[in-house]
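This briefing walks through the fold of one protein chain, topic by topic. Please keep the coordinates open while reading.

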Amino acid sequence: MPSITDPYWKSLGELATVNPAPTDEFPPSADTQTVDPLSRRNFFRLMGASMALAGVAGPGCQRYEREEIVPLSRRPEDQVPGTTLQYASTFELAGVAHPVLVGSYEGRPIKIDGNPFHPFTGDGADAKVTDHRHGGSTAFVQASVLNLYDQDRSRGLSNRGKGADFNEFKAWLATNREAMKKDPSKVRVLSEALSSPTLAQLRRKFLTDFPGAKWAEWEPISFDNERAGLKLAFGKSARAFAHLDRAETIVVLDGDIFVEHPAAMRYSRDWKASRGPEASSLGDGKMNRLWSVESSWSSTGAMADHRLALRAELVLPFAQALDAKLSSGGAPSAEFLNEAKVAKFLTVLVEELGQNRGKAVVIAGRRQPPVVHALVARINEALGAPVDYYDDGDDRLTHKEAIVELANDIKAKAVSHLFVLGGNPAYDAPNDLDLASAIASVENSVHLSEWDDETSEKTTWHVPRANYLESWGDARTWDGTWTIAQPLILPLYGGISALELMALVMGDEQTSEKLVRGAVEGSGATWRKAVHDGFVASTAFPTLGAKVGQLPVVTLTASQQAGSRGTSAKPVPLEVVFQYSSNTWDGRFANNAWLQETPDFFTKVCWDNYAIVAPATATEYGLETDSLITVELEGRKLELACYVMPGQAIGTIGLVLGGGRVKAGSKGGDGKTPVGFDTYKLRTSAALDLASGAKVTAGSSYQLSGTQEHWDIRGGLDKDIGDKGIAERLPRLVKEVDQTEYRDGTEGRAWDANEESEFWTDPDRGTSLFQEHTYEGHKWGMAIDLGSCTSCNACMVACQSENNIPVVGKAEVVRNREMHWIRIDRYFKGSPDDPQIVNQPVGCQQCENAPCEQVCPVGATLHSSEGLNDMVYNRCVGTRYCLNNCPYRVRRFNFLDWNAEFKEARNRVRKLVMNPEVTVRMRGVMEKCTYCVQRIQNKKIKAKNEKRSVQDGEITTACQDACPTQAIVFGDLNDPKAWVTKFHKDRRAYSLLGELNTKPRTQYLARVRNPNPKLA
């Protein structure tokens, strides 16, 4: 394990440079790019004329178009004009509910956050009102509101490509219903993963009304391997949930519990609870220890105290080795287990698991085959692990089995009517099934979808689907809690829900509200309470008390029995693992511009998907970042972009899913301008998650739009700092400490993030040339715990949603013109083959001695009476002096009018997502984080009207609300009892670049690692 004091580095290119200089504002060759004929020089030449008019109408101001105002003759109940209301609802992804609170401004939803009252993902409905409630959310949840206002959503029905209306569709259904009843064995329904109790009732009724019909489910990113594995172990379908708040040792095998897992929000919260370096759910002074064995980087691996990069296919013999030492399994015959690094890792891990019986847990990832999940269940049983197994109840086919059976039935001419409820199987089904052609061959087919996509193109009928914010619905969280979705706006384009479509198919037309309400009231629950709370209490799945039975004997393949790299005479064949995309998930969010432009935390690439390879693999095959490579698997070939990733398992090619769409829309791919690469072309039903025997060859160059080299703050203002200076400075940017040193100190002195010799930490020393302000009222500040941040990107998307931050597109990102107000810096430490990762969210630090304020010629950036570094947009004339003088590189300049597209008629609907309390900035101004000042003012006004003071925790920023682990805390530093005040006084707290005496209001808490002493 690398030493905590080892220097940090950002990229492989940096390591290859002898004396890396700080990057300029624009990456090399940015001005020579042909993506935009308007160069920087020409831009400012043209801006000269407009700047002369700055006194008349500053570029930060936008005059709204003239519109008619129609007064309400009767105001809706509980609605006050100009205020935002919140409603409980649920967002469903891959068959799992994510409880949310939706902010609605005068009838239009504009902001999504987690529901803190939910018993599974939040603090629970019984928590005290005075508690700091927190729900947390994912980047996908935050960005889902943009899908509602997507200008490319389907705007009507179509029949064989021609426009139609609902009356025609109902007439067609009535005619075909009789034919379906005559031969129901030829009727099929293909749905996305099903967790809605109401839809489950309709499913049962449908199969009763049409005996012999079949209902299949398909999800391209599925957790069915765990389901099948637990069925091997217990004899019935189940799902596992580990209580991480009670675990001292957590082992994750090729999985991601912080982002990808359906229980990620709860896992994040529970992991944080047992991770406190001084006080945790395990007791004072106790921290959990996280171990990760994985082929590609995940948020779990980044946060792990110990990480072992291992080919995905080798996780099975690794799990067998754990089982042999901890349970009743036989030891596998695999050479890689005898390699020094793996052997030591395994020995120490087994010893620690044995010492922490009852307080240790092992979790397997979704890509691993069912037998690994069964082995993990047996290991956990032997350990007495804090794991609950929920009775899944539904004895259905796995997603793979279901989609294969459907394809075979269609090819055998055994399907006359097909109803596809959501999803896009023509795009994401296994390539060997050729499901697109199969669907096109069905005589009568219907696709319910929000977009007229690749599947709709193949069906007889396309029916627009209502967004989850436009319709009633329900779903279950990972533990089974029944969660309600309520509409906040009428369907913009007249869509219907899956519930309403199935009711129509069966000839019993009903609204989704009536169907959901009937199901809830039929269970004995109170409808209004369920809608208000967003869930039906006490509806979690029952737990299983079953014991693990006899497991089948597993035969390892030759490559699993070999060493990690084979031999020079017989090298191990390359394996391919299929990974979810942080931008598009499985491709369904391809047209969501917020997600597309959010850089992947590890690669820092946006607007693309790619193949990930290890540095050693790249050297062996002559591969490079920013190049095209050809990957061949079982005779199928695909040319796609390559990214060389430090820490990737040698011999593993990670293929990111979700790109290459041809009917996603104007942002995600319309067949004319490709966005990414269709990696589904290499995915078959026999190898959905990982495959061996791949071949790879190098190709021509390709430009990935990455932000890795943008906004580098390590060099600061000294252009000649060199590699030695960077090495000295970096430990001041991201501070880390081992738990042993943090607890015991050195030389009898307690560890402190701030060195005693650092003059800027002395409050009594006057070092400012200016008379500093004394704050009698509020003094706002923020604290960010680097030990809790899992780099999930939720804060970035939440900030974009809250503050109307524009999207600039791939070409402008290449030119370093991305507009995000908060970024997450990623640094490596150690060797390229086995590095550690540290992460650091960086926004405006709200400096007390702000360098930007001192150079602005028009006073556009200034300090408020409460300590905020404010921006007056209509004063800004775009000199960019403030950016040049900002050591944190957190200001963004509007080079172009990113809102011009809203003037087009079909795009005007997207204006509805704008937060009316935040200025829509125009071309030629600087913008940055403001600690969500609009939220501060709203809560202050509310408290003043109620004749009381603002309470700690009452004001939260958008990034704080989104963070699943509460790594971000905001509050009043003049309140001695406030969380933020306590964090600022913590001995882990330090200022970023504090030696510059900028006195930032944001403090960071150093990351405390907890490595096993035998591996440290």
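Predicted model: local features only at pLDDT ≥ 70, side-chain atom pairs only at ≥ 80, totals over all residues.

Of the 1016 residues in the chain, 62% count as buried, and among contacts with a separation of 6 or more, 74% are accounted for by residues 24 or more positions apart.

**Nonpolar cores**

- The largest nonpolar core holds 211 residues, of which Leu244, Leu253, Phe318, Leu322 and Val361 touch the most other members; helix α11, spanning residues 370–383, contributes the largest share of this core, namely eight residues.
- A second core of 40 residues is separate and includes Val189, Phe210, Met502 and Met506.
- In soluble globular proteins, nonpolar side chains tend to be buried together.
- Once its neighbours within four places in sequence are set aside, Leu322 is in contact with Ser327, Leu346, Leu349, Val350, Leu353 and Ile379.

**A covered helix and a buried aspartate**

- Helix α15, made up of residues 498–505, is mostly covered, since eight of its eight residues are buried; these are Ala498, Leu499, Glu500, Leu501, Met502, Ala503, Leu504 and Val505.
- After α15 comes Gly507, which has a positive phi near 80°.
- Asp270 lies in helix α7, which covers residues 264–273, and Asp270 counts as buried because its relative accessibility is 4%, where the cut-off for buried is under 20%.
- Apart from neighbours within four places in sequence, the residues in contact with Asp270 are Phe241, Leu244 and Asp245; Leu244 is also one of the residues that touch the most other members of the largest nonpolar core.

**Helix α3 with helix α23**

- The axes of helix α3 (residues 139–148) and helix α23 (residues 794–802) come within 8 Å and cross at roughly 25°, and the two helices are therefore roughly parallel to each other, given that angles under 35 degrees are classed that way.
- The crossing of α3 and α23 is left-handed, and in it Ala139, Gln142, Ala143 and Val145 of α3 meet Ala794, Val797, Ala798 and Ser801 of α23.
- By residue class, the contact of α3 with α23 divides into six nonpolar, two polar and no charged residues.

**Helix α5 with helix α16**

- For helix α5 (residues 197–209) and helix α16 (residues 512–522), the axes come within 9 Å and cross at roughly 95°, which makes α5 roughly perpendicular to α16, as angles of 65 to 115 degrees are so classed.
- Thr198, Gln201 and Leu202 of α5 make this contact with Leu515, Val516 and Ala519 of α16, and the residues divide into four nonpolar, two polar and no charged.

**An exposed loop position**

- Pro674 has its place in the loop between β25 (652–656) and β26 (690–701), and Pro674 counts as exposed because its relative accessible area is 65%, the cut-off for exposed being over 50%.
- Although Pro674 and Asp608 are 66 residues apart in sequence, their C-alpha atoms are 9.5 Å apart in space.

How values were computed. Residues numbered from 1 in each chain as written. Heavy atoms only, no water. Helix = DSSP H or I, 4+ residues; strand = E, 2+ residues; numbered from the N terminus. Buried < 20%, exposed > 50% of the residue type's maximum accessible area, 1.4 Å probe, protein only. Axes fitted to C-alpha atoms, helices over the stretch in contact; angles between N-to-C directions. Parallel < 35°, antiparallel > 145°, perpendicular 65-115°, else oblique. Left-handed = near helix turned anticlockwise from the far one by under 90°. Contact = heavy atoms within 4.5 Å. Nonpolar A, V, L, I, M, F, W, Y, C, P; charged D, E, K, R; others polar. Core = buried A, V, L, I, M, F, W, Y, C linked by side-chain atoms within 4.5 Å.
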